[in-house]
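Please keep the sequence and the structure in view while reading.

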Amino acid sequence: MAINFNNALGIHEQALQLKVKRSEVLANNLVNADTPNFKARDIDFQAVLKGQQGATSTRLQATHSRHIAPSSLAFEPQLQYRNPLQPSLDGNTVDEQVEMTRFAKNTMDFQASFQFLNGRFKGLKSAIRGD
Amino acid sequence: MSLSGVFDIAGMGMSAQSIRLNSTASNLANAQAAGSSEEETYRARHPVFSSVAQDLLSPSAIPSMGDQASVGLQVVDIVESTEPLEQRYEPDHPNANDEGYVFYPNVNVVEEMADMISASRSFQVNVEVMNSAKTMMQRLLTLGQ
């Protein structure tokens, strides 16, 4: 029985990638907190996760040799605009405090995903060593 | 991994905020520099911020996020304030003109102080973001160890 990395690592690899992307989007929001007419954006993690789960349960079948296999990241994370809690005069919708908490939470989520992924690797390692 | 993009963004933010802090320092330093005519008197200057379009920076940074995704911040211009200068009657002033008037810069010291605090807070936020990205990257390097 061969070790399949895709099965062994599960969803955590994609989750980690998504969290890195989200950290970039949130950093962009924070850096533009003073830019006039800048609209804050974010990735809807729930929607992406649902898309990923749907993609894994109803996978497209390649019935022809020239069918293109879907990429591992079958869903496309869509950037959405945030609803401002309090409109600002210069058209900027960045709430620095809210963005900062989301960035901190995203970092924690990243560490959680990392922890899971690291656990999988450790499991694989001990399986290979057999001790 | 696009974590290095966070470093770029935070770095651009810090550089823009330091330009803002620089202009504030320049305004405050010249707040009392009286001139003898409207032309040669210092005017308050402020940077204009604009987000950088994504395709200019790195087209492959966030490939799936549409063309309107913007990354980073830049200072596109530094504009001089068009507020009227303050004219004071000081005939003993060495820079006084023939009628005895001197012109003081249109620097609003209270506004400048508030702007200074805002700039330094934004700078701190960027440092925080960079530190978080650094921690994330260091964790990634220990994967599988």
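In this predicted model, the side chains of B:Arg20 and A:Asp34 meet in a salt bridge, with 2.9 Å from N to O, the term being used for a side-chain nitrogen of Lys or Arg within 4 Å of a carboxyl oxygen of Asp or Glu. Across the interface of chain A and chain B the rule finds one salt bridge, and it also finds eight residue pairs in polar contact, both residues being at pLDDT 80 or more. A polar contact is a pair of N or O atoms within 3.5 Å, where within protein one must be able to donate a hydrogen and the other to accept it, and where residues adjacent in sequence count only if both atoms are side-chain atoms.

On the side of chain A that touches chain B, helix H2 (12-31), strand E1 (41-43), E2 and H4 each supply at least two residues, and H4(A) gives the most, with 13 residues; helices (H or I, at least four residues) and strands (E, at least two) are DSSP runs, numbered from the N terminus.

The size of an interface is often given as the accessible area lost when the parts come together. Between chain A and chain B, the buried area (accessible area, with a 1.4 Å probe, that two parts lose on being put together, summed over both) is about 3100 Å², and carbon and sulfur atoms give 63% of this. A:Glu24, A:Val31 and A:Phe114 supply 21% of the area that chain A buries against chain B, more than any other three residues.

A:Asn92 lies in the loop between strand E2 (79-81) and helix H4 (96-129) of chain A. A:Asn92 counts as buried because its relative accessibility is 5%, where buried means under 20% relative accessible area, exposed over 50%, and partly exposed in between (1.4 Å probe, protein chains only). Its side chain reaches two backbone oxygens, as listed here.

| Side chain | Backbone oxygen of | Distance |
|---|---|---|
| A:Asn92 | A:Asn32 | 3.1 Å |
| A:Asn92 | A:Ala33 | 3.4 Å |

In chain B, B:Val109 lies in helix H3 and counts as partly exposed, because its relative accessibility is 38%.

Residues are numbered from 1 along each chain as its sequence is written, and chains are lettered from A and ligands numbered from 1 in the order in which they are written. Local features need pLDDT of at least 70, side-chain atom pairs count only at pLDDT 80 or more, and totals for chains, interfaces and linings use all residues, while side-chain values use heavy atoms, with hydrogens and water left out.
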